[in-house]
Amino acid sequence: MVNIIKNAIDHGYRHIDTASLHKNEKQIGEAIKKKINEHSVKREELFIVTKLWNTSHDPQNVKCACRKSLCNLGLDYIDLYLMHTPMGAPAPRDDNEFAPTKNGKPLFTDVDYVCTWQAMKNLVKEGFCKSIGISNFNIEQIKRLLEKCTIVPQVLQIEHHPYLRQKELTDFCEAEKIAITAYAPLGSPNRPWAGKDTSDVLMCDRQASKD
């Protein structure tokens with residue numbers, strides 16, 4: 001991961017997107033530090049995104065989670081901090097746990113994502129991040145957030161590609177001046193909603209990885 005990020009920076013990449021869930025913030029931070037120390041890039045030239053995971057939705061845990069990501073990344077601030085999903089989950093039993101489950105099914109808390117968003121808003125005021133946004137929200141969830149909060153999410157990150165266009169959602173965000181960023185932009189054939197016609201997408205993914 002360290003070498004991948006270093007090579008990406010050398011080849012002009014400046015937008016780096018990660019998440020606490022991905023367990024690679026430390027490696028990304030190490031690569032960023034090395035390239036800055038080599039004077040290959042300045043911090044202000046990079047746009048670093050990371051995310052608040054479900055197990056830290058309780059408002060009293062939001063700042064701690066953000067600080068942990070900053071520590072892992074070795075940065076003074078995050079350019080964009082996203083709420084990874086609108087669902088809160090109980091605290092994990094250990095650092096390696098994705099989220100607590102019962103009988104094989106995920107457990108959720110009754111923490112309101114609106115309260116989580118209010119806590120994230122304070123991160124901007126205190127300088128922990130430049131801007132905040134959301135990920136994997138639907139239209140109704142975004143509408144409720146806009147009705148309850150004063151800060152409009154800067155970004156919505158969603159799965160978005162020719163096989164899952166989500167036009168209604170993207171049109172809504174455009175009207176509300178919420179930018180869209182896509183994950184799995186070449187498609188995700190292993191997702192439950194992938195159809196039989198997505199086999200070509202898998203081939204594209206593999207070819208892109210080789211390139």
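Aspartate 79 is buried (under 20% relative accessible area, with exposed over 50% and partly exposed in between; 1.4 Å probe, protein chains only), at a relative accessible area of 8%. In this predicted model, local features need pLDDT of at least 70 and side-chain atom pairs count only at pLDDT 80 or more, while totals for chains, interfaces and linings use all residues. Residues are numbered from 1 along each chain as its sequence is written, and side-chain values use heavy atoms, without hydrogens and water.

Aspartate 79 forms a salt bridge with arginine 43 (2.9 Å, N to O). A salt bridge is a side-chain nitrogen of Lys or Arg within 4 Å of a carboxyl oxygen of Asp or Glu. Arginine 43 is also buried, at 13% relative accessibility.

A salt bridge of 2.8 Å (N to O) joins glutamate 126 and lysine 63. Both count as partly exposed: glutamate 126 at 43% relative accessibility, lysine 63 at 29%. Aspartate 171 pairs with lysine 167, with the closest N and O atoms 2.7 Å apart. Their relative accessibilities are 35% for aspartate 171 and 46% for lysine 167. Asp10, Lys35 and Glu38 are linked in a salt-bridge network. The count comes to nine salt bridges.

The largest nonpolar core has 41 residues. Such a core is a set of buried Ala, Val, Leu, Ile, Met, Phe, Trp, Tyr and Cys residues joined through side-chain atoms within 4.5 Å. Tyr81, Ile142 and Leu156 touch the most other members.

Mean pLDDT (the predictor's confidence in each residue, from 0 to 100) is 91 for the chain, and 90% of residues reach 70 or more.
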